[in-house]
Amino acid sequence: MARIVMKFGGTSVADLDRIRNVAKRVKTEADTGNEVAVVVSAMAGVTNRLVGYCQSLSPLFDAREYDSVVATGEQVTSGLTAIALQELGQDARSWQGWQIAVETNGEHGKARIESIDGEELIERMKQGQVPVVAGFQGVGPDNRVTTLGRGGSDTSAVALAAALKADRCDIYTDVDGIYTTDPRIVPNARKLSKITYEEMLELASVGAKVLQTRSVELAMKERVRVQVLSSFADTPGTMVVDEEEVVEKEIVAGIAYSRDEAKITVRRVPDHPGIAAAVFVPLSDANINVDMIVQNVAADGTTDMTFTVGKTDMARALQVLDQAKPEIGFAEITSDQNVAKISVVGVGMRSHAGVAGTMFKTLAARGINIQAITTSEIKVSVLVGAEYTELAVRALHTAYGLDG
């Protein structure tokens with residue numbers, strides 16, 4: 001007998017028929033004698049609609065009220081899934097984040113899970129009941145509902161698996177595993193049977209939407225075995241595992257892209273010690289993540305700083321910088337949302353030279369200009385014009401020998 005957490009994404013619970021299908025999968029697993037807990041996302045499109053309501057009323061909405069609105073999507077799905085399971089004769093009950101409780105910090109809209117008390121759920125599972133937990137949400141120190149950021153149900157599932165000491169966390173989605181890149185752009189992309197935590201973490205952080213970044217961080221920290229598989233087909237998925245379990249390490253495991261970036265350039269900034277802190281500390285204090293940073297060589301005592309933030313953070317970032325203008329002393333700020341980040345990732349890059357060179361040469365041959373570059377031990381990312389996204393991904397997939 002195993003203890004398994006099964007997480008179902010928005011497309012898996014998009015309508016009542018799909019919720020019935022989820023219930024059948026869960027009951028089949030429970031009928032084998034396994035203890036099962038379920039985590040569900042909101043039905044496909046619901047969260048986007050709720051976010052749109054908030055943005056339409058105010059571009060700079062109160063994040064606490066935003067959380068109270070968008071958390072309702074998962075509440076609906078958890079209740080419907082529990083009803084569908086009960087209809088099949090399976091004892092089940094829905095749980096909201098505050099009922100367990102999933103305790104988080106107070107960063108509304110981007111909360112981080114601090115603790116989960118899984119004892120009551122474990123007792124329920126031992127009695128044969130299936131807990132159906134609303135993903136994406138918790139409760140903050142102020143006793144208000146918090147949400148974990150887009151894709152946060154993955155993090156809910158992994159955190160719950162850790163709290164329940166589960167043998168495995170199965171993430172069911174609309175794809176049947178993790179591919180070398182988006183199959184919608186490259187039809188001959190290959191499905192990976194295994195991928196390391198580190199590779200998956202980098203791919204998730206730079207745009208691969210199969211798993212949320214923080215869910216992979218948590219899985220790696222807690223050593224939760226994660227399997228990504230399809231809700232709609234009985235085919236083997238992809239296991240996210242320790243590096244030691246991957247025998248043949250590819251130089252590049254995958255190509256990721258993100259169209260969710262916005263580029264901001266702060267022009268004619270006085271070039272003196274502490275100016276970078278004057279620019280980036282206020283952004284950090286506002287919980288705005290900055291990614292790529294490029295600083296021009298100083299001329300006439302001033303310099304330009306270019307960096308990227310998430311598109312949804314751009315308006316807030318511009319507001320923060322404008323408020324800090326007296327301390328920074330810049331001449332003007334420009335912004336551009338028509339950009340995309342393209343990344344190559346692979347643990348094999350540690351022991352192979354020339355990966356970055358191949359990337360730059362391949363993009364140059366296609367006439368694609370690079371606006372910014374950032375690297376890590378197993379990743380190289382570049383910022384390009386959004387119109388070149390698909391061309392860049394296809395060219396790089398071929399250049400690194402990833403075509404199936």
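This note goes through the overall build of the protein and then one of its sheets.

1. The model is predicted: local features need pLDDT of at least 70, side-chain atom pairs count only at pLDDT 80 or more, and totals for chains, interfaces and linings use all residues. Residues are numbered from 1 along each chain as its sequence is written, and side-chain values use heavy atoms, without hydrogens and water.

2. The protein has 14 helices and 22 strands. These are DSSP runs, numbered from the N terminus: helices are H or I with at least four residues, strands are E with at least two. The radius of gyration, taken over C-alpha atoms, is 22 Å. The globule rule (2.2 Å times the number of residues to the power 0.38) also gives 22 Å for 404 residues, so the protein is as compact as a globular protein of that length.

3. Buried residues make up 51% of the 404. Buried means under 20% relative accessible area, with a 1.4 Å probe and protein chains only.

4. Four strands form an open sheet in the order E15-E20-E22-E21, with antiparallel pairing. Strands pair if DSSP finds at least two bridges between them. E15 (254-258) and E21 (372-376) are the edge strands, each pairing on one side only.

5. Look at E20 (residues 339-345) and E22 (residues 379-385): seven bridges join them. Ser 343 stands opposite Ser 381 in E22.

6. Helix H8 (residues 197-205) packs on the sheet and touches E15, E20, E21 and E22. Contact means heavy atoms within 4.5 Å. The direction of H8 makes about 170° with that of E20. Angles run from 0 to 180 degrees between N-to-C directions, with axes fitted to C-alpha atoms, for helices over the stretch in contact.

Key
Buried < 20%, exposed > 50% of the residue type's maximum accessible area, 1.4 Å probe, protein only.
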